[in-house]
Amino acid sequence: DDGDEAEEEEEHDFPPYEFYEPNEDIVEARLEEREERRLKFESVAAGTYTVKVHVIQVREVRACNWDGTSDPRVSIEINLGDTPTVAQTRVEPSCTSAVYDERFSFSFGNVSGIDLAKSRVRVTVQDDNTFMGDTDIGTWASDLLGTYLLPPGVQRANSKPMDFAANAHEMYREWIGLIDRTGEHQGVVGYVQLSVVVLGPHDWA
């Protein structure tokens, strides 16, 4: 009998289940966050949007040539609407760092806040190869809504004091790490510096 009682006690030797009661402050913060997201979407006017990309330079991109260099070009792809829009910089031969200072502008009609949230800007540094086909060195991608919602005067990451974007809706002269989407090369495979501006129907170009 004593053995049975010990067995019964052992079977029930665990802490009782505790019902989770969310903290009121946490609940309030989540409701405020949800309301803030809703207001942001409502603040995005439907209409024609212009995306401007300034490709400034690349640094320390992965070498693809036998001599430890690459022939990099920068490709910009905007997915906003039914058909992706693509533009490319010139090719800089036999190097791993290069200055481009090239600007591109893309215009899209009948765009809503949901369209911006689903949108994608993809920047890919490629190694130009006439005979074997181009090789993607590294890529960075982001949605356009986050850029459009940036307020004016946002200081850049890892920037010097007072080095900030003067305009709203702008990611200004950011250094961005590139990754290999195939997973063949781990970690950062190079850097690109660029600015991205997203202008809506009521914004000055």
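Student: Leaving aside its neighbours within four places in sequence, which residues is Val 197 in contact with?

Tutor: Please bear in mind that this model is predicted. Apart from neighbours within four places in sequence, Val 197 is in contact with Thr 50, Val 51, Lys 52, His 169 and Glu 170. Val 197 itself belongs to strand 8.

Student: Is Val 197 buried or exposed?

Tutor: The cut-off for buried is under 20% relative accessible area. Val 197 counts as buried because its relative accessibility is 16%.

Student: Which residues is Val 51 in contact with, again leaving aside neighbours within four places in sequence?

Tutor: The contacts of Val 51 are Ile 78, Phe 104, Ser 105, Phe 106, Phe 108, Leu 144, Val 196 and Val 197. Val 51 is also one of the residues that touch the most other members of the largest nonpolar core, a set of 36 residues; the others are Val 58, Ile 76, Ile 78, Phe 106, Leu 116 and Leu 144.

Student: Which elements each supply at least two residues of this core?

Tutor: They are strands 1, 2, 4, 5, 6, 7 and 8, together with helix 4. Strand 4 provides the largest share, namely six residues.

Student: How should I read the empty space in a model?

Tutor: A probe the size of a water molecule, rolled over the atoms, shows where empty space is left. In this model, the largest pocket has a volume of about 160 Å³. Its lining consists of Lys 52, Val 53, His 54, Arg 103, Phe 104, Glu 170, Tyr 172, Arg 173, Ser 195 and Val 197. Strand 1, strand 4, strand 7 and strand 8 each give two or more residues to that lining.

Student: How many residues of each class does the lining of the largest pocket have?

Tutor: Four are nonpolar, two are polar and four are charged.

Student: What is the aromatic pair in this model, and how are its rings arranged?

Tutor: The count comes to one aromatic pair. Its members, Tyr 49 and Tyr 148, are edge-to-face, with 5.4 Å centre to centre and 70° between the planes. The pair links distant parts of the chain, since Tyr 49 lies in strand 1 and Tyr 148 in helix 4, 99 residues apart. Tyr 49 is buried because its relative accessible area is 0%, and Tyr 148 is buried because its value is 9%.

Student: Which residues is Thr 147 in contact with, beyond its neighbours within four places in sequence?

Tutor: Thr 147, which lies in helix 4, is in contact with His 169, Glu 170, Met 171, Val 196 and Val 198. Thr 147 counts as buried because its relative accessibility is 8%.

Student: What should I note about the backbone angle phi of Glu 60 and of Arg 173?

Tutor: Phi of Glu 60 is near 55°, a positive value in a residue other than glycine. Phi of Arg 173 is near 50°, likewise positive in a residue other than glycine.

Student: Where are Glu 60 and Arg 173 placed?

Tutor: Glu 60 sits in the loop between strand 1 and strand 2, whereas Arg 173 is in strand 7. Glu 60 counts as exposed because its relative accessibility is 56%. Arg 173 is partly exposed because its relative accessible area is 29%.

Key. Residues numbered from 1 in each chain as written. Predicted model: local features only at pLDDT ≥ 70, side-chain atom pairs only at ≥ 80, totals over all residues. Heavy atoms only, no water. Helix = DSSP H or I, 4+ residues; strand = E, 2+ residues; numbered from the N terminus. Buried < 20%, exposed > 50% of the residue type's maximum accessible area, 1.4 Å probe, protein only. Contact = heavy atoms within 4.5 Å. 1 Å grid on protein atoms, 1.4 Å probe; cavity = no way out; pocket = protein on both sides within 12 Å on 5 of 7 lines; lining within 4 Å. Points joined across faces, edges and corners; volume = space filled by probe spheres on them. Nonpolar A, V, L, I, M, F, W, Y, C, P; charged D, E, K, R; others polar. Phe/Tyr/Trp six-rings, centres within 6.5 Å; stacked < 30°, edge-to-face > 60°. Core = buried A, V, L, I, M, F, W, Y, C linked by side-chain atoms within 4.5 Å.
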